[in-house]
Amino acid sequence: MPERLANGLKEKRTELGLTQAELAERVGVTRKTVNTVENGVFTPSALLAIKLARALSVPVEKLFWIER
Amino acid sequence: MLFVLAAVFLSQQATYFSGRHDLASPAGHVKIAAWLVLSIVLLLMLATGGGWFRSAGVRALLNDETTREHRRAGFVSGFWAACLAAIVIYAVDLFEPISGHDTVHIILTVAIATAMLTFGRLERRAHRDA
């Protein structure tokens with residue numbers, strides 16, 4: 001069974017009342033990137049994962065985890 | 001945008017191969033020069049992400065992680081398409097001689113078109129989901 005990087009980005013973002021565009025602006029990427037990460041289409045680099053976690057004020061391991 | 005450019009690029013090849021007999025004429029030289037210029041522009045666009053007339057900040061934003069990943073995927077598929085085209089040309093050349101000029105033209109066209117179409121498809125999919 002292949003491993004994949006799952007995330008709780010959408011849940012955390014909506015919990016904070018942020019739109020994809022607002023989160024994208026905070027991180028300095030396009031909305032397309034936030035959307036593809038949320039949908040699991042794109043696996044972010046460690047750099048982007050940490051930036052996203054920082055923007056949502058959560059530890060990175062709470063935002064991303066390995067799913068088997 | 002990329003799909004349109006890829007379509008223009010590919011349709012240009014149809015006129016090149018349909019009028020191969022007159023490539024030595026001035027009109028033929030124009031055709032070859034147009035192909036070469038468009039190839040170089042498209043290669044530069046693929047390599048740099050385009051947006052040359054925008055500010056550095058906007059270019060950096062447009063060239064974010066997913067775009068770079070899509071471009072990388074485009075280059076990979078372009079590389080394999082070029083290898084495949086070279087193998088096919090090599091095989092065909094055993095029966096029907098193909099000039100060096102045509103070989104370069106075909107391989108470069110296949111590589112650029114495949115890279116662009118792959119990049120464009122991935123970008124479209126990412127935008128569609130957004």
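These legends accompany close-up views of a predicted model.

**View 1. The fold of chain B.** Chain B has five helices and zero strands. Read from the N terminus, its elements follow the order α-α-α-α-α. The C-alpha trace of chain B spans about 50 × 30 × 20 Å along its principal axes.

**View 2. Burial and contacts within chain B.** Chain B holds 130 residues, and 19% of them count as buried. Contacts in chain B with a separation of 6 or more are considered next. Of these, 70% are between residues 24 or more positions apart.

View 3. B:Lys31 lies in helix α2 of chain B, which covers residues 26–48. Is B:Lys31 buried or partly exposed, and why? B:Lys31 is partly exposed, because 18 other C-beta atoms lie within 10 Å. A buried residue would need 20 or more, and an exposed one 12 or fewer. B:Gln13 is 18 residues from B:Lys31 in sequence. In space, the two are 9.4 Å apart, C-alpha to C-alpha.

**View 4. Where chain A touches chain B.** How many residues does the contact take from chain A and from chain B? The contact takes 14 residues from chain A and nine residues from chain B. On the chain A side, helix α3 (residues 31–38) gives the largest share, five residues. By class, the side of chain A that touches chain B has five nonpolar residues, seven polar residues and two charged residues.

Note on methods: Residues are numbered from 1 along each chain as its sequence is written. Chains are lettered from A and ligands numbered from 1 in the order in which they are written. This is a predicted model: local features need pLDDT of at least 70, side-chain atom pairs count only at pLDDT 80 or more; totals for chains, interfaces and linings use all residues. Helices (H or I, at least four residues) and strands (E, at least two) are DSSP runs, numbered from the N terminus. Two residues are in contact if their C-beta atoms, placed from the backbone, lie within 7 Å. Ala, Val, Leu, Ile, Met, Phe, Trp, Tyr, Cys and Pro count as nonpolar, Asp, Glu, Lys and Arg as charged, and the others, Gly among them, as polar.
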